[in-house]
Amino acid sequence: MTKIRTQILVIDSQSPAPALIQPAGDIIKAGGLVAFPTETVYGLGANALDPQAVARIYEAKGRPSRNPLIVHVPDIASARKLVTEWTETAEKLAQRFWAGSLTLVLPKAPSIPDIVTGGGDTVALRIPDHPIALALLRSAGVPIAAPSANRSNQLSPTLAEHVFKGLDGRIEMILDGGATSGGVESTVLSLVENPPRLLRPGLITPAEISAVIGEIQVGLPPLAHAEKAPLLSPGMLTRHYAPQTPLILAVDDGTAQVESLLQRGQKIAWLTFTPQPPHPNLQVVVMPQNGEEYASRLFAELHRLDSARVESIVVSALPSGEKWMAVADRLQRASQKP
Ligand code: TXA
Ligand code: MG
C-alpha cells in the first residue's frame, strides 16, 4: 500500500464549523477515507455507494472482506432508501433510539454494493448521535460506511490519537473531536429474524429494546458457523478488540493471579474496583462500579496500558446484569489467546 499523508483536523465537538467539515466531506465524495468521532467509538468512513472507496476501508484496516460494515445515515428518510423493507418494528426502534447507538440489520436495497455487506443481502444501519458525524454526513451528502477506525482485531479507538497510532499513512484525514463518550461499539440487532436477534451487545440493553418491541433473541444461533459467508457477526471471531498485552479476565477479584504474577517478577496492571496496596511492579487502575462509566473508560485504559510496557493485564470479574453485557463481551474476546 502506498503511504499517504494523514491530515488531522481538530474540531469543536459541540458545534463543528461547516467550513472545517467541508474538506472532509469533499474527501468522502472523492472516494477517500476520513476517520471521525461518533458517540460510541471513532469510525473509519467512506462513501457507502462507491465500491472502490469501500474497498479501501478493508485494505486500510486489514479487515476480512466477508465482515460487513455499518452504514451511517443522517436521518430516517435516508435509512429507508437503503432497504427494501422498512418494517413497523424498524420504525418503532428508530423513533425510540435514533440518533443513537443501536444498529439495525435489514434487507438491503440494490444501491448498496455487495462489498459493504460482505456479499450478504442485508445491511446494517444507524444514525450516529454526534455533531461531527452528523455534520460530515450532511456535508458528504452520501451514506457513509464506517467500521471502528482501528486495524482489524485490535482495540477500538476512543481518541483521535488511537486512530493515528493504527492508521497513520493509510487514510486521508482524521477529524479530532476529543474522547468519545460511549466507549464501546453500538448494539447490533438483526430485524431479518423473527423475533429480532441481538448480534452484538452494546450500551442499549436487551431489556430496553424489549420494552419497545417485545421479545428478542440474544446471541448467535447454535448452528452459526464461521465458514458461512457473510459472517453473521464478527463476534464469531472470538478474539477481537484485543490489546497487544495478554489480558487475563479473573473469575473473582483477581488477587490470586496478581500475587502469583508478581511473585514471578512480572510487571503487571490490574483493572479492579477497589484501591490496592502499592507494589513497585504493579499499576492499579480503579475502575468505575457503573457499567456505562466502565465502558466509557475501558478502551482508553487498554490503549494506555499497551504503551506502558506491562507484561500482563489482570481484570477483576465484572458484576452481572445487562448493564455489564457490552464490557463483559469485549473483555471476554480480548482475553482469548491469539
Ligand atoms: O458503534 C459502532 O457501531 C461503530 C461506529 C463507528 O459506528 N462501528 C463499528 O463497526 O463498530 P464495526 O465494523 O467495527 O462493527 C460492525 C458490526 C460487526 O459486528 C458486523 O459483523 C456487524 O456490525 N454487521 C454489519 N453488517 C451486518 C449485517 N449485514 N448483518 C449482520 N451483522 C452486520
Ligand atoms: Mg470494530
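Which domains does the domain assignment of the protein give, and what can be said about the interface between them?

Reply: This is a predicted model, in which local features need pLDDT of at least 70 and side-chain atom pairs count only at pLDDT 80 or more, while totals for chains, interfaces and linings use all residues. Residues are numbered from 1 along each chain as its sequence is written, and side-chain values use heavy atoms, with hydrogens and water left out.

The assignment, whose bounds come from an automatic or database source, gives domain 1 (7-218) and domain 2 (247-334). The C-alpha centres of domain 1 and domain 2 are 29 Å apart, and 22 residues of domain 1 are in contact with 16 residues of domain 2, contact meaning heavy atoms within 4.5 Å.

The size of an interface is often given as the accessible area lost when the parts come together. Between domain 1 and domain 2 the buried area is about 1,600 Å², and carbon and sulfur atoms give 62% of that area; buried area is here the accessible area (1.4 Å probe) that two parts lose on being put together, summed over both.

Turning to specific pairs, side chains of opposite charge can pair when their charged atoms come close. One salt bridge is counted between domain 1 and domain 2, the term standing for a side-chain nitrogen of Lys or Arg within 4 Å of a carboxyl oxygen of Asp or Glu. Arginine 330 and glutamate 185 meet through their side chains in a salt bridge, with an N to O distance of 2.7 Å. Across the interface of domain 1 and domain 2, eight residue pairs, both residues at pLDDT 80 or more, are in polar contact, that is, a pair of N or O atoms within 3.5 Å, where within protein one must be able to donate a hydrogen and the other to accept it, and residues adjacent in sequence count only if both atoms are side-chain atoms.

On the side of domain 1 that touches domain 2, helix H6 (160-167), strand S10 (197-200) and helix H7 (206-213) each supply at least two residues, helices (H or I, at least four residues) and strands (E, at least two) being DSSP runs numbered from the N terminus. H7 gives the largest share of that side, three residues. The residues of this side of domain 1 divide into nine nonpolar, nine polar and four charged, where Ala, Val, Leu, Ile, Met, Phe, Trp, Tyr, Cys and Pro count as nonpolar, Asp, Glu, Lys and Arg as charged, and the others, Gly among them, as polar.

Terms used. Chains lettered and ligands numbered in written order.
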